[in-house]
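Colleague: Could we go through the salt bridges and the helix packing in this model, one question at a time?

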Amino acid sequence: MKLLQFFRKVAFAEGLSYLVLLFLAMPLKYIWEIPQAVRVVGMIHGVLFILYIWILIRVWINRKWKFSRATIAVIASLVPFGTMMFDPSLKRESLR
């Protein structure tokens, strides 16, 4: 599998885990007092975030991205739905 395609899949998983953490696990913890959801989803999200950054660095070097493009990719991981909004540009690049 190409590195950029793998990055797209990791980005989607990381973004989805972030949304689950924010919109499912956090309400379960703070509204219904079920903190276990944040522990489990938080751990999964943390691992996926580290993997995202690691693969991002590899893609940045491999694809010779400008610093600004890599910065946008990092910011996308911090914003809800960010990795999903960044994905179309990755898809266009993977088709070249």
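Colleague: Which residue forms a salt bridge with D87?

Modeller: This is a predicted model, in which local features need pLDDT of at least 70 and side-chain atom pairs count only at pLDDT 80 or more, while totals for chains, interfaces and linings use all residues. Residues are numbered from 1 along each chain as its sequence is written, and side-chain values use heavy atoms, with hydrogens and water left out. A salt bridge is a side-chain nitrogen of Lys or Arg within 4 Å of a carboxyl oxygen of Asp or Glu, and for D87 the closest N and O atoms of the pair are 2.7 Å apart. D87 sits in helix α4 and its partner lies 79 residues away in helix α1 (residues 3-30), helices being DSSP runs of H or I with at least four residues, numbered from the N terminus; the partner is R8.

Colleague: Which residues are linked with E93 in a network of salt bridges?

Modeller: The side chain of E93 meets that of R63 at 3.0 Å, N to O, where R63 belongs to the loop between α2 (36-62) and α3 (67-78) and E93 to helix α4, 30 residues apart. A salt bridge also joins E93 to R69, with the closest N and O atoms 2.9 Å apart, and this pair links helix α3 to helix α4 across 24 residues. The residues linked with E93 in the network are therefore R63 and R69.

Colleague: Is E93 buried or exposed?

Modeller: Buried means under 20% relative accessible area and exposed over 50%, with partly exposed in between (1.4 Å probe, protein chains only). R63 has 35% and is therefore partly exposed, whereas the value for E93 is 6%, so E93 is buried.

Colleague: How is α1 oriented relative to α4?

Modeller: The axes, lines fitted to C-alpha atoms over the stretch in contact, are 10 Å apart, and the two helices pack at an angle of about 170°. Angles run from 0 to 180 degrees between N-to-C directions, and those over 145 count as roughly antiparallel. The orientation of α1 to α4 is therefore roughly antiparallel.

Definitions and conventions
Parallel < 35°, antiparallel > 145°, perpendicular 65-115°, else oblique.
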